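Morning, everyone. Please bring up the structure on your screens, and keep it there while I talk.

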Amino acid sequence: MYFSNENLEKIITMEYGETYQVVSEYYFLENELSFAIEKTCKYNRPLFYDSTAMIANNDTEVFDLEKSEINVDRSYFEKGKLIHKISDGDCGAPFSKDYLLEEEIRIKSKIGLLLKLEK
C-alpha cells in the first residue's frame, strides 16, 4: 500500500497459483477508488506439468509460459461507483448495469479485505 500524507494512493497485489497469476493495481483519488487494473495470466498447463506429467496424462503439451493467455481488465470509478469497464477479449459492447454492479462489489470487497490486513 502506498500513502501520501496519510492518504491512500495505491494498492498492488500479486496472486500466484498452479495455473495462473494475477497482478492487480488499485488507484485512489482523495481516498476514493478511481481506477483498477487487473492483469491475469492463465497458464497453458499447471506449473509442475513437465514431460513426465504430460506422458502420464496422454497430453501433448508441457507447461510453457509463452503459451499463457493474458487478459487485462480496466475498471473506472467515479464517486465510488464503477462507471466503465474495458476487458481484453471484449466484443466492444458496453457491459450491463448488473454486471458493473457485481464487479464493483467484487473489487470493493477485495480492497476491504486488503485494508483490514493493513491494520
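I will go through the sheet, the helix across it, the core, the aromatic rings and a few loop residues.

Ground rules come before the tour. This is a predicted model, where local features need pLDDT of at least 70, side-chain atom pairs count only at pLDDT 80 or more, and totals for chains, interfaces and linings use all residues. Residues are numbered from 1 along each chain as its sequence is written, and side-chain values use heavy atoms, with hydrogens and water left out.

Let's start with the sheet. Helices (H or I, at least four residues) and strands (E, at least two) are DSSP runs, numbered from the N terminus. Two strands pair if DSSP finds at least two bridges between them. Here, six strands make an open sheet in the order β1-β2-β3-β4-β5-β6, and the pairing is antiparallel. Which strands stand at the edges? They are β1, residues 2-4, and β6, residues 81-87. Each has a single partner strand, so one side of each is left without a neighbour in the sheet. On average, neighbouring strands are turned by 10 degrees against each other, direction ignored. For angles, axes are lines fitted to C-alpha atoms, for helices over the stretch in contact, and angles run from 0 to 180 degrees between N-to-C directions.

Now walk along the strands. β1 and β2 run antiparallel and are joined by three bridges. Phe-3 stands opposite Leu-8 in β2. The hairpin of these two strands has two residues between them, and Asn-5 there takes a positive phi near 50 degrees. Next, β2 and β3 pair over seven bridges, again in the antiparallel sense. Ile-12 faces Glu-25 in β3 as its opposite residue. This hairpin has three residues between its strands. At the other end, six bridges join β5, residues 69-78, to β6. Arg-74 has Ile-86 in β6 as its bridge partner.

On to the helix. Helix α2, residues 97-118, lies across β1, β2, β3, β4, β5 and β6. Its angle to β6 is about 105 degrees. Look at Glu-104, which sits in this helix. Is Glu-104 buried or exposed? Glu-104 counts as buried, at 9% relative accessibility. The scale is this: buried means under 20% relative accessible area, exposed over 50%, partly exposed in between, with a 1.4 Å probe and protein chains only. What does Glu-104 touch? Leaving aside neighbours within four places in sequence, its contacts are Phe-77, Gly-80, Lys-81 and Leu-82. Contact means heavy atoms within 4.5 Å.

Next, the core. In soluble globular proteins, nonpolar side chains tend to be buried together. A nonpolar core is a set of buried Ala, Val, Leu, Ile, Met, Phe, Trp, Tyr and Cys residues joined through side-chain atoms within 4.5 Å. The largest one here has 12 residues, including Leu-8, Ala-36, Phe-77 and Leu-100. β2, β3, β4 and α2 each supply at least two of its residues. The most come from α2, which gives four. Ala-36 touches Glu-25, Tyr-26, Asp-73, Arg-74, Ser-75 and Phe-77, not counting residues up to four places away in sequence.

Now the rings. Rings of Phe, Tyr and Trp (its six-membered ring) pair if their centres lie within 6.5 Å; planes under 30 degrees apart count as stacked, over 60 as edge-to-face and the rest as tilted. How many aromatic pairs does the structure hold? There are three. In one of them, Phe-35 and Tyr-76 have ring centres 5.0 Å apart and planes at 50 degrees, so the pair is tilted. Phe-35 is in β4 and Tyr-76 in β5, 41 residues apart. Tyr-76 is partly exposed, at 29% relative accessibility. Then take Tyr-43 and Phe-63: centres 5.2 Å apart, planes at 85 degrees, so this pair is edge-to-face. Tyr-43 is in the loop between β4 and α1, and Phe-63 in the loop between α1 and β5. Tyr-43 is buried at 9%, while Phe-63 is partly exposed at 24%. Ring pairs also link Tyr-27, Phe-35 and Tyr-76 into a cluster.

Last stop, two loop residues. Glu-30 lies in the loop between β3 and β4, and its phi is positive, near 55 degrees. Lys-79 lies in the loop between β5 and β6, with a positive phi of about 50 degrees. Glu-30 is exposed, at 75%. Lys-79 counts as exposed, at 75%.
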